[in-house]
Amino acid sequence: MAERFPESFRTKAKLVVYREFIETRDKVGNMETTMTTAVPKLTALHPRIPSNSFSLGFSLTFPAKKSARVKQTCSPSSHISLRVSSSSQSQAAPEATKVSSIPSEMKACVYGEYGGVEVLKFDDKVSVPEVKEDQVLIKVVAAGLNPVDGKRRQGKFKATDSPLPTVPGYDVAGVVVKVGDQVKGLKEGDAVYGNINEKALEGPKQFGSLAEYTAVEEKLLALKPKNLDFIQAAGLPLAIETAYEGLERTGFSAGKSILVLNGAGGVGSLVIQLAKHVFGASRIAATSSSGKLELLKSLGADLAIDYTKENFEDLPEKFDVVYDAIGQCDKAVKVVKEGGSVVALTGAVTPPGFRFVVTSNGDTLKTLNPYLESGKIKPVVDPKGPFTFSQVAEAFSYLETNRATGKVIIHPIP
């Protein structure tokens, strides 16, 4: 470029690219799409310039837009409006992009003490985690929030927790940028998703998914379903693994009936779909508030119960399994058949109810990927999200109201 064109033209050309870059980036927020749109306008300006003369490396030299900078705290911000997204209308997250180099430090949301959402802080000097032989390093595109994140932050299992300070986050969807020596099934550039902690309560990772990078064992991951964007995929791992393992533990099988409490929640919405399409349930009932009854039916529920108007424990019928995803085990045991099972994810457990802590397993995701790719099982993303990286505390506050529909997602990161 420098030898073929005068400085005056090259300056003009760069200004054109910069202007088009900024305008396009503000619209789509995607680096590759930005350059695809901006560069042709430059080549039109002078036909002798080949379109491949400008690369993503060139675009990365432009300064970031000031208004897009992440706040130096993860505290809620009252003036930031929420973007609307759902499983059927979510904006597609960017697909796999090449990362030219891996920095030594990254941006992350961290907390150095246990407490409420106010302990969450933003830090742009967090060390990028090292990759062990059986791990891959993921450039995080989106992360899902789970109730266990809040309980961990509150110190409810500090005796088995990793050391503080902590980068929270269990669910991740992103792109592999580095692989350990023993990794066989994944390579750089693969789009993956998974629950990064094999045991939710026993030594969860100090470097979670609410950061630019996270290191994860290969066995905990699966390739992202091709028909799902990163936002949708980020909300699946822990919830779908919990739903699946819970049904397996009850011995659920074709021809059996099930009642799902909080059927519109992250786990409940997937229990309904798994029970119907994977396990072959004969009858599915589920509870929710009035405004979510149609969602329950669309997911596969034969009976949608409005808990604000009806007491499910007064139902004349009984069920082979009750999957309690809200904490009402004392009532759930009243509607289970003799010899049946009650899964209790939270709250006090009343016999014959039982509780379990999910074990993260990439093989489960691989088993369920065909159902996701066929569209039989659909992720449900809360319509108030995805929340931006600077809205992590606000997103956690919303999740902890127990009013979310499906999954609460953070995107983009950062």
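Biologist: What is the order of the six strands in the open sheet, and how do they pair?

Modeller: Keep in mind that this is a predicted model. The strands run β10-β9-β8-β11-β12-β13, and the pairing is parallel.

Biologist: Why do β10 and β13 stand at the edges?

Modeller: β10 (303-306) and β13 (353-354) each have a single partner strand, so one side of each has no neighbour in the sheet.

Biologist: What makes β8 and β11 a pair?

Modeller: Pairing takes at least two bridges. Strand β8 (residues 257-261) and strand β11 (residues 319-324) have four, in the parallel sense, so they count as paired.

Biologist: Which strands does helix α6 touch?

Modeller: Helix α6 (residues 237-249) packs on the sheet and touches β8, β11, β12 (336-344) and β13. Its direction makes about 145 degrees with that of β11. Helix α7 (residues 266-277) lies across β8, β9 (283-288) and β11, at about 170 degrees to β8.

Biologist: Now the hole: what makes it a cavity and not a pocket?

Modeller: A 1.4 Å probe fits in a cavity but cannot get out, whereas a pocket is open.

Biologist: How many of the residues lining the largest cavity are nonpolar, polar and charged?

Modeller: Four are nonpolar, three polar and two charged. Among the lining residues are L236, S269 and K378. Lys counts as charged, so K378 goes in that class.

Terms used: Residues are numbered from 1 along each chain as its sequence is written. This is a predicted model: local features need pLDDT of at least 70, side-chain atom pairs count only at pLDDT 80 or more; totals for chains, interfaces and linings use all residues. Side-chain values use heavy atoms; hydrogens and water are left out. On a 1 Å grid over the protein atoms alone, a cavity is a set of points where a 1.4 Å probe fits but cannot get out, and a pocket is an open set with protein on both sides within 12 Å along at least five of seven lines; lining residues have an atom within 4 Å of a point. Helices (H or I, at least four residues) and strands (E, at least two) are DSSP runs, numbered from the N terminus. Contact means heavy atoms within 4.5 Å. Axes are lines fitted to C-alpha atoms, for helices over the stretch in contact, and angles run from 0 to 180 degrees between N-to-C directions.
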